[in-house]
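Thanks, everyone. I have two stops for you today. Please have a look at the structure first.

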Amino acid sequence: MSGTPRRRLGALLTAAVALAAVLVPGTTAAATAHGHHPPPRAPKTVVIDGHRVQQAKLRLDRGDPALRTAVKGLTASADSWLGQGPWTVVDKPKPAPGGDPHDYLSQAPYWWPSQPKTADNPWGCPYVQRDGERNPEVDTGTDRPDIGKVFNSVTTLSLAWYYTGRKQYAEHASDILRTWFLDPATRMNPNLNHGQFIPCKYDGRAIGIIDFSQQYTSVLDAVALLDTGAPGWSKDDRAGMRAWNTSFLDWLVDSDFGKQESAAENNHGTFQDMQIAGLALATGNKELARKVVLDARALRIDQQIAADGSQPQELARTRSWHYSTFDLVAYTRLAAIGKQVGVDLWAHRGPQGQSLFKAVDYLLPAATGSVPWPHPELEFYRYAASDIVHAAADAGDRQAQAAVPRLEAPPGGDLWALRPAAEQLDSIAG
């Protein structure tokens, strides 16, 4: 009979723990009984593998020394954003050509005035193209510098919150997102009708979509991190971002500019595919996401990657190293999206043997510093290839796996273990 009271006491304790878990969402039995923090939720990320992020957090909490070092670099970057922003699309000196201050505006980065600026010709028109040479005036009077800060800050702050639990990171990321995308007084309209305008020539161009497509999927992942229970990020915020993303996706698919960008046969088309697939997955349209990834096999890999793994359209640029690595950021992120919708883009082989593995392997001699890059490049940054080599290594490429220890770490440190998805690591824009 002596065991009966113990069993009753045990049952009472179990019931109390279960009640606590109901009353305090996210509290587990183990956490309540032993005073530990609940295990992190796996974020429903679009590109980054949410399960891997969750496992990294668990290893960090157990004291993994390599991850602790990486988090120090991450939090140093996050701290630098705490005193900056939020930013808004409506604070530029004058609105986009359509007259609506909520419309995004940017200027073509490689176009320059060809005449002296005068009272009669204040822009110095006509503008002429100088590929790879960035005109500094594009960073004044438009939204391009601010949107870069929005993307970079939100991505960094959200990751830093997830790994450290420091609420100031999540609260500031939430404020930045609300100000740019959600607040009626300051929000951006969900279109890019005036991206990369050229003075005296075009009020906007389809290729201005690259301003978003090169980084916006990282924002989708940042939102997914905040959705795991971040302080300062509400259900209304989540619903508002989903609605904005749905409208933006509709514009990307249906507008003339969106259709032109999808038809591009270089990095612009690859990034557009990645952006559409990512937005489709984030907004619940898995059928569209899967179709875009499947179509990319013939439309992108077969047509844009040569038999030797080179990317001819990118090699033709004055910044051939940058654009070769840049395009592969889009490919490897698209492959990560494909994994979530049942498409193995890494396994695809084109009619001449084209593949993502070959494209990455083509860059390995220069990425490891073994030989100089043999193509035109105005400013070579070896570390620009680091993330895409990591991606190929994780996908099973033995040459890439062997190359990983010889990669050059980017200025902010190697964050692959914390966010296993390729990012653009060099700073050129456009």
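**The pocket and a helix pair**

Two helices, α4 (65-82) and α5 (144-164), each give at least two residues to the lining of the largest pocket. Keep in mind that this is a predicted model.

So which helix supplies the largest share of that lining? That is α5, with nine residues.

Now the pocket itself. Its volume is about 900 Å³. The lining counts 32 residues, and those closest to the centre of the pocket are Asn152, Gln215, Gln424, Leu425 and Asp426.

What kinds of residues make up the lining? Sorted by class, twelve are nonpolar, 13 are polar and seven are charged.

Second stop: a pair of helices. Find α6, residues 167-182, and α9, residues 235-254. These two pack with their axes 11 Å apart. The angle between them is about 40°.

Why do we call the pair oblique? Angles under 35 degrees would count as roughly parallel, and roughly perpendicular starts at 65. The pair's angle of about 40° is therefore in the oblique class. As for handedness, α6 crosses α9 in a left-handed way.

Which residues meet there? From α6, look for Arg178, Phe181 and Leu182. From α9, look for Asp237, Gly240, Met241 and Trp244. By class, this contact has four nonpolar residues, one polar and two charged.

To recap: a pocket of about 900 Å³, with α5 giving the largest share of its lining. Then α6 and α9, oblique to each other, in a left-handed crossing.

Key
Residues are numbered from 1 along each chain as its sequence is written. This is a predicted model: local features need pLDDT of at least 70, side-chain atom pairs count only at pLDDT 80 or more; totals for chains, interfaces and linings use all residues. Side-chain values use heavy atoms; hydrogens and water are left out. On a 1 Å grid over the protein atoms alone, a cavity is a set of points where a 1.4 Å probe fits but cannot get out, and a pocket is an open set with protein on both sides within 12 Å along at least five of seven lines; lining residues have an atom within 4 Å of a point. Grid points are joined across faces, edges and corners, and a volume is the space filled by probe spheres set on the points. Helices (H or I, at least four residues) and strands (E, at least two) are DSSP runs, numbered from the N terminus. Ala, Val, Leu, Ile, Met, Phe, Trp, Tyr, Cys and Pro count as nonpolar, Asp, Glu, Lys and Arg as charged, and the others, Gly among them, as polar. Axes are lines fitted to C-alpha atoms, for helices over the stretch in contact, and angles run from 0 to 180 degrees between N-to-C directions. Angles under 35 degrees count as roughly parallel, over 145 as roughly antiparallel, 65 to 115 as roughly perpendicular and the rest as oblique. A crossing is left-handed if the near helix is turned anticlockwise from the far one by less than a right angle, and right-handed if clockwise. Contact means heavy atoms within 4.5 Å.
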